[in-house]
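Me: Hi! Could you walk me through this structure? I'd like to start with one chain and then look at how the chains meet.

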Amino acid sequence: MDFLNAIIALLNFVVVPAVAYGSQLALGALGVTLIYGILRFSNFAHGDTMAFGAMITVLFTWLFQSWGISLGPLPTALLALPIGILGCMALLLATDRVVYRFYREQKAKPVILVIVSLGVTFILNGLVRFIIGPDDQRFADGERFIVSARTFKELTGLREGLAIKTTQGITVITAVVVVALLFWFLNRTRTGKSMRAYSDNEDLALLSGINPERVVMITWLIVAGLATIAGVLYGLDKSFKPFTYFQLLLPIFASAIVGGLGNPIGAIAGGFVIAFSEVTVTYAWKKVLTYLMPEGLEPDGLVQLLSTDYKLAVSFLILLIVLLFKPTGLFKGKAV
Amino acid sequence: MNPVLKNSLLFAAVGAMILYTGFSQSWNTALVVLNMGLISAIMALGVNLQWGFAGLFNVGIMGFVALGGLAAVLMGVSPTPGAWSAGGWNILAAFVFAIGVIIAVVMLRKRMVPGWPRAAAVFFLIVAGFFGYRALFDSGVVAVEAINPALTGNLGGLGIDRGLWVALAWPVGGLFAAGAAWVIGKTALGLRSDYLAIATLGIAEIIIAVLKNEDWLARGVKNVVGLPRPTPYEIDLQNDPVFVERAAGFGLDAVTASTLYVKLLYAGLFTVVLVLLLVLAQRALNSPWGRMMRAIRDNEVAAEAMGKDVTARHLQIFVLGSAICGVAGAMMTTLDGQLTPGTYQPLRFTFLVWVMVIVGGSGNNFGAVLGGFLIWFLWVQVEPMGLWLMQVITSGMAEGSALKAHLIESAAHMRLFTMGLVLLLVLRFSPRGLIPEK
C-alpha cells in the first residue's frame with residue numbers, strides 16, 4: 001500500500017506537472033528549432049512571439065466570454081485559439097517582410113540576425129505590455145479538474161490523491177496532435193519535404209527549383225501556430241504574464257539546444273529532459289521517501305536537491321553538461 | 001565633414017540634450033541622467049571590448065553587473081557580529097569541500113580508464129560530494145541567517161566606509177566579475193556563437209538567482225541598504241554652516257545645493273573612471289594586441305594559421321570586458337546605495353547595453369561611449385515623451401473613456417518599443433553605428 005501511495009505521490013507532484021510543462025516546452029522549442037533550421041539564426045523574439053499570440057487569444061477569449069459563448073467543460077480559449085494563431089501569423093509575416101527579409105537578401109551573418117531579433121524582442125515586448133499591460137491575466141474557465149485529488153482518494157481508498165487539471169490534459173493531447181501533424185507535414189507532403197531539403201542544403205535546394213521565399217513564409221506560418229499554441233497552453237496551465245514569456249525563452253532554448261538545434265525530434269526530447277530535470281531536482285522528495293523507507297529511517301529534511309527558486313539554473317546546468325559532453329546536443333544538431 | 005568634427009558635434013549634441021534637461025526639467029534630473037549615462041558608457045565600453053574588438057557574443061552582461069554590485073556590498077557593509085563564528089566558517093568549509101570534490105572528480109577522470117567503473121566512481125563521488133557539501137553548507141547558512149534576521153542575517157563584509165576608500169569596491173567589483181568570467185569562459189567559450197549566447201544568458205540568470213536567494217551573502221531580496229558612499233551625505237552638508245553660506249552665494253538653498261553638490265562629486269569620480277578606462281581601451285585598440293584581436297574577429301581560421309591562440313585570446317578578452325562591466329556594476333550599486341537583486345532584468349542590463357554599443361558604433365570606443373550616453377538619455381526621457389504623445393493623441397477623446405485611460409496608463413511601456421525601433425533602424429540604415437570603426 002505504501003508503495004502504491006509513493007507512486008501516486010510521485011505521479012501527482014512530479015510526473016503529471018512535468019509532462020504538461022515538457023509538452024509546452026517542446027512546442028516552444030519546435031518553433032525555435034524550425035527557425036534555426038530554415039532561417040539559420042536563434043530567434044530571441046520567440047518568447048515574445050508566444051506572448052503576442054497568447055495575448056490575442058486572451059483578448060478574444062474575454063470577448064467570447066462577454067458574449068456568453070463557452071465550450072462547456074473545456075476552456076473558451078480553445079475557441080479563440082485559431083484567431084490568435086491568425087493574428088500571430090500576420091505579425092510574423094509582417095516582421096519578416098519589414099525586418100528579416102532585408103538581411104536575408106544581404107546574406108548577413110547569423111549573429112547579426114540574432115541582434116536584429118533582439119530589436120524585435122524589444123518591440124514585441126513593448127507592444128504586448130502596451131496592449132494588455134504587464135500584469136497577470138487569468139482567462140481559463142470551464143471545468144478545473146479531469147480527476148480531482150478528492151475523487152481519486154474516494155475511488156481508490158489510497159491516502160495520496162492524484163489530481164489532473166483539465167489544462168494539463170488539454171496540453172498533452174494538443175501537443176500530441178500538433179506534433180503528429182507537424183511530422184506528417186514535414187515527412188509526407190511536398191512542401192514539407194522541400195522545407196527539409198532547404199534546411200539540409202540550401203544551395204542544392206535552390207538548384208532543384210525550390211522557392212526559398214515560399215519555404216521561409218511557410219516556416220513562419222508554422223512557427224506562428226506552434227508559438228501561439230505553446231503560449232496559450234502555458235497561459236492556461238499557469239497564468240498569462242508578459243514577463244514570464246520572456247523568461248520562458250531560457251528553458252525553451254535550453255530544450256532546443258539539449259536536443260540539438262535544427263532537429264525537431266531533438267526539440268521534443270529536449271523539452272521533456274528539461275522539464276523533468278527542473279521538476280525532479282526542485283521537488284521535495286520527503287513525502288515519497290517516507291512511504292518507501294522502512295519505519296524509523298524516514299528522512300528528516302525535505303530532501304530537496306535545490307530550492308524551487310533555482311528552477312532556471314537547473315535547465316542551464318543540464319544545458320551546460322550536455323554541451324560539454326555532446327557539443328551539438330543529444331540528437332545531432334547543426335551549427336551555422 | 002571630417003570625422004573628428006562630426007564626432008565632436010555628436011558628443012556636443014548629447015551634451016546639449018542633457019543640458020536642455022537641466023534647463024527645462026531640473027538640474028537634479030540632468031545630473032541623475034549624466035551619472036547613469038557615465039556608468040552606461042563604461043558598461044558599453046566593456047561590451048564593445050568583447051563584441052567590437054573580438055566578436056564575442058556575450059549576453060550575460062547582467063550577471064557581471066550584478067557581481068560588481070555584490071562587491072560593493074561586501075566591501076561596504078560592516079561585518080555582522082558573531083556571523084563568522086556561528087556559521088561563516090562552515091560555509092567557507094563547504095566551498096573548500098566542493099572545490100576538493102571537483103578536483104577529485106577531474107583527477108579520477110584522468111587516472112582511471114574510461115568505462116563503466118569510472119562512470120560509476122565519478123557518479124558516486126559527485127552524489128556523495130553533493131550531500132556532504134549540503135550538510136556542511138546548510139548548517140552554516142541556517143546559523144548565519146538566524147542572527148537578527150530582520151536587520152542582518154548575512155555574513156557582512158569588510159566595512160570599508162571612509163571617504164574615497166569606498167571607491168576601492170569598484171576595482172574589486174571588476175575582480176569579482178573577472179573571476180566569474182574566467183570560470184564561465186573556461187567552460188563555455190568552446191561553444192559556437194549561438195550556443196555561447198544562450199549559455200551566457202543562462203549564467204547571468206543563475207547569478208541573479210543566487211543573489212536573490214542566498215540571504216547569508218547579501219540578504220537576497222531583502223536588500224542591503226545604506227551602503228557607504230565616497231561622497232559626503234546631504235544632511236551633513238546642510239548642517240555645515242560654511243557650505244550653506246557658500247550655497248547662498250550661488251543663490252541656492254541648502255537642500256538643493258547639497259543634492260547637486262553630491263551628484264556633481266559622483267559625476268567627477270565616474271568621469272575619472274570612464275576617462276581612465278577609455279584611454280586604456282584606446283591604447284589597447286591601437287596596439288599590436290588590438291590588431292591581433294580584430295584579425296581574430298575578422299577571420300579566425302587565418303589568425304589561427306598565423307599561430308595565434310584563438311581560444312586563449314577569446315578567454316582573455318572575455319575576462320577583460322566582463323571586468324569592466326563589473327566595475328560599472330559596483331559603481332552603480334554605490335550610487336544607488338543599495339543592491340536590489342530583484343531589479344536586475346536582462347532587457348535593462350544586457351540588451352539595453354547591446355543597443356548602446358550597436359547604436360554608438362561597435363568596434364569604436366568613442367562610439368560605445370556616445371551610445372551609452374545617448375541610449376540612456378532616451379531610456380529615461382522616452383517615458384515623459386510617450387506620456388506627452390499619448391496626451392496629444394487622446395486630447396480629442398471624451399474625458400473618462402476607457403481607451404483614453406488605457407493609452408495614458410500604458411505610455412510607460414513605450415520605452416521598450418522605442419529602444420527596439422532605434423536598434424532596428426540603426427541596424428538597417430547605419431549598420432556600423434553613429435561613430436563607425438575606422
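Reply: Happy to. In chain B, 45% of the 438 residues are buried. Keep in mind that this is a predicted model.

Me: How many helices and strands does chain B have?

Reply: Chain B has 18 helices and zero strands.

Me: And what about its overall dimensions, what box do the C-alpha atoms fill?

Reply: Along the principal axes, the C-alpha atoms of chain B take up a box of roughly 75 × 60 × 50 Å.

Me: What share of the contacts in chain B join residues at least 24 apart?

Reply: That would be 81%, counting contacts between residues at least 6 apart in sequence.

Me: Let's zoom in on Pro341(B). Where is it found?

Reply: Pro341(B) sits in the loop between helix 14 (310–336) and helix 15 (346–360) of chain B.

Me: Why does Pro341(B) count as buried?

Reply: Because Pro341(B) has 23 C-beta neighbours inside 10 Å, and 20 or more is the cut-off for buried.

Me: Which residues is it in contact with, leaving aside neighbours within four places in sequence?

Reply: Pro341(B) is in contact with Ala66(B), Ile208(B), Leu211(B), Lys212(B), Gly220(B) and Val221(B). As for Gly420(B), which is 79 residues from Pro341(B) along the chain, the two C-alpha atoms are separated by 25 Å.

Me: OK, changing topic to the contact between the chains. How many residues does each chain bring?

Reply: Chain A brings 34 residues and chain B brings 34 residues. On the chain A side, helix 4 gives the most, with 15 residues. That side of chain A has 26 nonpolar, six polar and two charged residues.

Me: Nice. Now helix 10 of chain A and helix 7 of chain B: at what angle do they pack?

Reply: Helix 10 (residues 242–259) of chain A and helix 7 (residues 193–213) of chain B pack at about 140 degrees, and their axes are 10 Å apart. The two helices are therefore oblique to each other. Helix 10 of chain A passes helix 7 of chain B in a left-handed crossing.

Me: Which residues meet there?

Reply: From helix 10 of chain A, Leu250(A), Phe253(A), Ala254(A) and Ile257(A) meet Tyr195(B), Ile198(B), Leu201(B), Gly202(B) and Glu205(B) in helix 7 of chain B. By class, the residues of this helix contact are seven nonpolar, one polar and one charged.

Technical notes. Residues numbered from 1 in each chain as written. Chains lettered and ligands numbered in written order. Predicted model: local features only at pLDDT ≥ 70, side-chain atom pairs only at ≥ 80, totals over all residues. Axes fitted to C-alpha atoms, helices over the stretch in contact; angles between N-to-C directions. Helix = DSSP H or I, 4+ residues; strand = E, 2+ residues; numbered from the N terminus. Parallel < 35°, antiparallel > 145°, perpendicular 65-115°, else oblique. Left-handed = near helix turned anticlockwise from the far one by under 90°. Contact = placed C-beta atoms within 7 Å. Nonpolar A, V, L, I, M, F, W, Y, C, P; charged D, E, K, R; others polar. Buried ≥ 20, exposed ≤ 12 C-beta atoms within 10 Å, placed from the backbone.
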